[in-house]
Amino acid sequence: MDKAEQKTGLFSVATALFVRDIRLAARRSTDVFNPLVFFVIVVSLFPLGVGPEPNQLQLMAPGVIWVAALLATMISLDRLFSHDFETGSLEQIVLAPQPLTLIIFAKIAAHWTLTGLPLVILMPLVAMQMNMTTDMIYISFLTLIIGTPILSLIGAIGAALTIGLRGGGVLVSLLVLPLYTPVLIFGAGAISASAQGFSPDAHLSLLGAFLALSLTFAPLAAAAAVRVSLD
Amino acid sequence: MLEITNLSCVRGDKPLIEGLSFDVSEGQLLHITGRNGAGKTTLLRCLCGLSSPAAGQISWLGQNIDTNKDAYHAQMAYVGHLNGHQGELTAVENLDFARALGGAHTEITVTDTLKKLGLYNSRLLPTKFLSQGQQRRLALARLLVQERKLWIMDEPFVALDTESTTLLEGIVSDHIKNGGLAILTSHHALNLTQSRQLNIDRG
């Protein structure tokens, strides 16, 4: 096999896995909708619980949106590897003659497309209930589009480490939450800063740096974790 | 081609296999036997590189399989206890994916394979609606579409009826005749003349 052929091979394997995961999710749609419905419900309950005082809601909005997005992603992590593990597909994926890091990266990309991206799209809807201004919604959009891939990437490490464990869900939360907190702080911080008239650039740059870091190392770590879990 | 020297496997804290050596070369079939819990599955998982052995060497073409795992996996196909396909996908989608995962372009088409294994009529059903035996046959269909040299099969005859058993024996026999290698565990007595037995019970 020459170099060019090998390269197209790598690309087609990643695409095949991505398409398969999207197709599976389409036929198992409750898995996709659970986190999204959770996100909408959590944010919608705040105006009811705290009271409909617009300024107070606006003050809380960044935190509420980000916490809800973070928890919604965490609920969805369980399905990242569990179906493949239970059916034995994960063994076949590990035994593929392609770099596992790349394959896991395709899985994470599919996970983000099914969880992170819909959250970004749903956000303006729930943001209005929290009395966010258009500017705030725009910044929220930016933070979520940079931040949700980080959640999927880091979450994949936790999910890979807990493959096949009973009560893995709780363990994933414990493993992953400490790593999620910086994303939460800077994500919500960017929106608050811009609402108070400061520039959100510093926060956004830091989020970008986290994204670059997790893009580089998370697929490697998740692939290693998958191997260990199957051993 | 596949050489195992002084292999020891551990499952949990329990040593299952100690100091096992054998080799399989082109056109050979190795039938591994042993009582329940003797470590047959553990051994096969070591052989295909899913688990690492506690001690000893597994080499393919004279090279330890750990040094170039991708090259080894490009020539090895594994059918485990679990069938390894997704119930929501159809037989065709599952096989297409298995082939794409292999990376290389293979000659045999998915349609021909499904016809050969008698799954053609249920090719568009989600595989969760297939019977146990049909699902097992689909897992074995993967061996054919992947076109690998070495087949490692863990209890391939489980859930197969007599007709499918004969069919599978024929497929394995053809594979061996064409210079392939096969390693399998089974409690059935095989109707294959080329087979060699290896018992891994200890003591």
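**View 1. The crossing of α3(A) and α7(A) is right-handed, a crossing being right-handed if the near helix is turned clockwise from the far one by less than a right angle and left-handed if anticlockwise.** The model is predicted, so local features need pLDDT of at least 70 and side-chain atom pairs count only at pLDDT 80 or more, while totals for chains, interfaces and linings use all residues. Residues are numbered from 1 along each chain as its sequence is written, and chains are lettered from A and ligands numbered from 1 in the order in which they are written. Helix α3 (residues 54–87) and helix α7 (residues 134–161) of chain A have axes that come within 9 Å and cross at roughly 30 degrees; axes are lines fitted to C-alpha atoms, for helices over the stretch in contact, and angles run from 0 to 180 degrees between N-to-C directions. That angle makes α3(A) roughly parallel to α7(A) (under 35 degrees is roughly parallel, over 145 roughly antiparallel, 65 to 115 roughly perpendicular and the rest oblique). Helices are DSSP runs of H or I with at least four residues, strands are E runs of at least two, and both are numbered from the N terminus. Among the residues of α3(A) that meet α7(A) are A:I65, A:L70, A:L77 and A:F81, and those on the α7(A) side include A:M136, A:L144, A:L151 and A:G155, contact requiring C-beta atoms, placed from the backbone, within 7 Å. The residues of this contact divide into 14 nonpolar, 6 polar and 1 charged, where Ala, Val, Leu, Ile, Met, Phe, Trp, Tyr, Cys and Pro count as nonpolar, Asp, Glu, Lys and Arg as charged, and the others, Gly among them, as polar.

**View 2. A kink of about 50 degrees lies at A:A61 in α3(A), shortly before the proline A:P62.** The bend at a residue is the angle between axes fitted to the seven residues ending there and the seven starting there. Just after α3(A), A:G88 takes a positive phi of about 85 degrees.

**View 3. Helices α8 (residues 168–195) and α9 (residues 201–230) of chain A pack at an angle of about 155 degrees, with their axes 8 Å apart.** The two helices α8(A) and α9(A) are therefore roughly antiparallel to each other, and α8(A) passes α9(A) in a left-handed crossing. From α8(A) the contact includes A:P182, A:F186 and A:G189, and from α9(A) it includes A:H203, A:L207 and A:F210. By class, this contact has 9 nonpolar, 3 polar and no charged residues.

**View 4. Helices α2 (residues 29–50) and α6 (residues 116–129) of chain A pack at an angle of about 15 degrees, with their axes 10 Å apart.** This makes α2(A) roughly parallel to α6(A), and their crossing is right-handed. In α2(A), A:L36, A:F39, A:V40, A:V43, A:S44 and A:P47 meet A:P118, A:L119, A:L122, A:V126 and A:Q129 in α6(A). The class count for this contact is 9 nonpolar, 2 polar and no charged residues.

**View 5. The contact between the chains takes 23 residues from chain B and 22 residues from chain A.** On the side of chain B that touches chain A, the elements giving two or more residues are α2 (69–73) and α3 (91–102) of chain B, and α3(B) gives the most, with 5 residues. By class, that side of chain B has 10 nonpolar, 11 polar and 2 charged residues.

Note on methods. Two residues are in contact if their C-beta atoms, placed from the backbone, lie within 7 Å.
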